[in-house]
Amino acid sequence: MTRVIIVGAKGRMGQALVKCLPLHAGLVPAAQINRGDDLAVALPGADVVIDFSAHANTVEVARLCARQKKALVIGTTGHTDTDTFEIQQLKSQIPIVWATNFSTGVNTLFWLTRKAAEILGPDFDLEVVETHHRLKKDAPSGTAKTLVEILAEVRHLKMVEAARHGREGIVGARTSSEIGVHAIRGGDVVGDHTVLFANIGERVELTHKASSRDTFANGALRAARWAVSQKPGLYDMQHVLGLK
Ligand SMILES: NC(=O)c1ccc[n+]([C@@H]2O[C@H](COP(=O)([O-])OP(=O)(O)OC[C@H]3O[C@@H](n4cnc5c(N)ncnc54)[C@H](OP(=O)(O)O)[C@@H]3O)[C@@H](O)[C@H]2O)c1
């Protein structure tokens with residue numbers, strides 16, 4: 001049996017994980033960690049940690065997991081470059097599955113986005129639009145960033161230079177080396193993402209809409225079961241699904 005700790009258990013995603021965990025054969029709950037609880041004390045009784053708390057907490061969670069040699073699944077988004085660097089430093093010590101989105105549908109969207117960008121070529125303008133609930137703290141979403149990363153990679157562009165976040169004022173004509181990124185916030189939207197490929201006379205839109213957090217929770221739980229049998233390293237959901 002694989003014993004699982006959920007960090008951020010009282011949050012929206014945490015609650016979905018607590019609800020879905022019993023449906024996964026081979027997984028048992030070890031502890032629920034919320035603000036103020038001591039993860040270090042709970043860790044000896046677990047095999048894997050799933051963190052859906054907040055980006056600012058993830059580095060410390062990762063350090064504690066590395067110290068006690070526990071596998072880690074990271075679901076938080078919005079990390080700074082420093083957070084990312086610190087987490088990457090630990091990949092030689094434990095298996096870490098880090099995904100901006102754990103849904104099978106979105107990972108299919110990642111794959112399709114790469115294919116479409118390769119097939120359609122440089123004449124198509126690229127824009128990414130995401131919509132989330134009014135309480136979401138980071139923007140654009142981690143998933144939107146991954147989509148931009150994929151598009152930039154196919155176009156041989158640097159993501160930070162290519163991303164054009166929203167547009168305001170006299171911005172002039174669009175250049176072919178920019179990737180537009182737009183974050184819409186409102187209501188209780190779980191997460192919608194559209195990648196737009198637009199050319200003169202035609203356009204292609206790839207859209208994924210999540211209507212339940214269970215899809216992310218079930219993916220993260222699947223990743224947790226997979227992670228415990230892996231060598232130390234940094235993995236994403238495409239590895240878990242066998243797409244890489
Ligand atoms: N990868 C994916 O597939 C995916 C899908 C959905 C969401 N996400 C990401 O997952 C994260 C959580 O999303 P959410 O919608 O569930 O947010 P949420 O409802 O705000 O839940 C986060 C929970 O973590 C707790 N928390 C914050 N700091 C903590 C700490 N230091 N120690 C322990 N618990 C702490 C929060 O407590 P307080 O209320 O006291 O702050 C809250 O209960 C976000 O980064 C979000 O972008 C990822």
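Strand β4 (residues 71–74) and strand β5 (residues 95–98) run parallel and are joined by three bridges. Strands here are DSSP runs of E, at least two residues long, and helices are runs of H or I, at least four long, numbered from the N terminus. Two strands pair if DSSP finds at least two bridges between them. I74 has W98 in β5 as its bridge partner.

This is a predicted model, in which local features need pLDDT of at least 70, side-chain atom pairs count only at pLDDT 80 or more, and totals for chains, interfaces and linings use all residues. Residues are numbered from 1 along each chain as its sequence is written.

Now widen the view. Six strands form an open sheet with parallel pairing, in the order β2-β1-β3-β4-β5-β11. β2 (27–33) and β11 (233–235) stand at the edges with a single partner strand each, so one side of each has no neighbour in the sheet. From one strand to the next, the twist averages 20 degrees.

Helix α8 (residues 214–227) packs on this sheet. It touches β1 (2–7), β2, β3 (48–51), β4 and β5. Contact means that C-beta atoms, placed from the backbone, lie within 7 Å. The direction of α8 makes about 155 degrees with that of β4. Axes are lines fitted to C-alpha atoms, for helices over the stretch in contact, and angles run from 0 to 180 degrees between N-to-C directions.

Next, a helix pair. The axes of α5 (residues 104–120) and α6 (residues 142–154) come within 9 Å and cross at roughly 25 degrees. The two helices are therefore roughly parallel (angles under 35 degrees). V106 and F110 are among the α5 residues in this contact, and L147 and I150 among those of α6.

How values were computed. Contact = placed C-beta atoms within 7 Å. Parallel < 35°, antiparallel > 145°, perpendicular 65-115°, else oblique.
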